[in-house]
Amino acid sequence: KELDKYTFKQLHIHHTWKPAHSSFTGKNHIQLQQSMKNHHVKNNGWADIGQHLTLFPDGAWVTGRPFNMSPASISGWNTGALAVEMVGNFDLPGTGEYNNLGYDKLEGKQKEEILKLIRYFIDKYGEKSIVFHREGPKVTKTCPGTSLNKQELINEAKLLGKEGLNMGSVFKDVDDNRWSAAYIKAAKELDIIAGNPDGTFNPTGNLTREQAAVLMVRLYEKITGKKVVK
């Protein structure tokens with residue numbers, strides 16, 4: 001809720017490259033954060049650590065630069081940006097600037113947390129507010145890693161409820177923990193399925209021939225953009 005006090009234009013997403021996951025012990029959040037700050041201040045000559053937030057492999061956030069201060073993130077795009085560094089090297093093997101090092105996978109709690117933040121920015125500022133470091137002008141780095149696809153992360157984030165992994169099911173008989181809950185919700189939001197008049201979906205029920213006909217036509221309309229049934 002702290003973010004609600006501020007107005008941003010973009011969310012800048014980085015990976016640290018170094019430290020990588022192998023540097024994280026599960027207890028050295030502050031030590032690694034301080035090390036990054038020392039490097040940014042002493043080596044780069046910045047006024048403070050470059051990022052506003054650091055996201056660790058266990059899903060924990062550590063705050064850095066004050067939110068009301070522009071980050072040292074993407075040259076020319078810093079004003080109005082919130083900068084996040086995800087601890088890890090998310091370049092695929094054989095790619096990136098430093099391809100002689102180990103490679104990490106964005107998964108688990110770390111992925112859940114960045115998806116929540118992406119969803120927050122999408123809801124408040126739109127999909128265009130999500131920016132990878134490598135998209136910046138004259139940026140030659142692969143940051144936040146060649147293994148990460150921005151549109152895929154956006155699509156996954158859009159399946160989340162506003163409060164995170166609770167999907168906020170649109171049907172009262174679909175539990176949020178059900179394996180298909182996110183897909184059922186997405187299909188409803190895409191207006192491909194409608195459910196029953198009583199607010200249920202009957203997820204394990206059989207599909208009738210007439211229901212199949214409606215589903216296929218709705219899907220065709222979505223793919224082609226052509227309205228078939230008026």
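**The cap and face of a helix**

Guide: Let's start at helix H3, whose N-terminal end is capped by Asn149: a side-chain oxygen lies 3.1 Å from the backbone nitrogen of Gln151. Helices here are DSSP runs of H or I with at least four residues, and strands are E runs of at least two, numbered from the N terminus. This is a predicted model, where local features need pLDDT of at least 70 and side-chain atom pairs pLDDT 80 or more, while totals for chains, interfaces and linings use all residues. Residues are numbered from 1 along each chain as its sequence is written, and side-chain values use heavy atoms, leaving out hydrogens and water.

Visitor: Which residues are buried in H3?

Guide: Buried means under 20% relative accessible area (1.4 Å probe, protein chains only). In H3, residues 150–158, these are Leu153, Ile154 and Ala157. Seen down the axis of H3, they fall within an arc of 100°, so they line one face of the helix; the arc is that of the directions from the helix axis to the C-beta atoms.

Visitor: What do the buried residues of H3 pack against?

Guide: Contact means heavy atoms within 4.5 Å. The buried residues of H3 pack against H2 and strand E5 (130–132).

Notes. Buried < 20%, exposed > 50% of the residue type's maximum accessible area, 1.4 Å probe, protein only. Polar contact = N/O pair within 3.5 Å; in protein donor to acceptor, adjacent residues only side chain to side chain.
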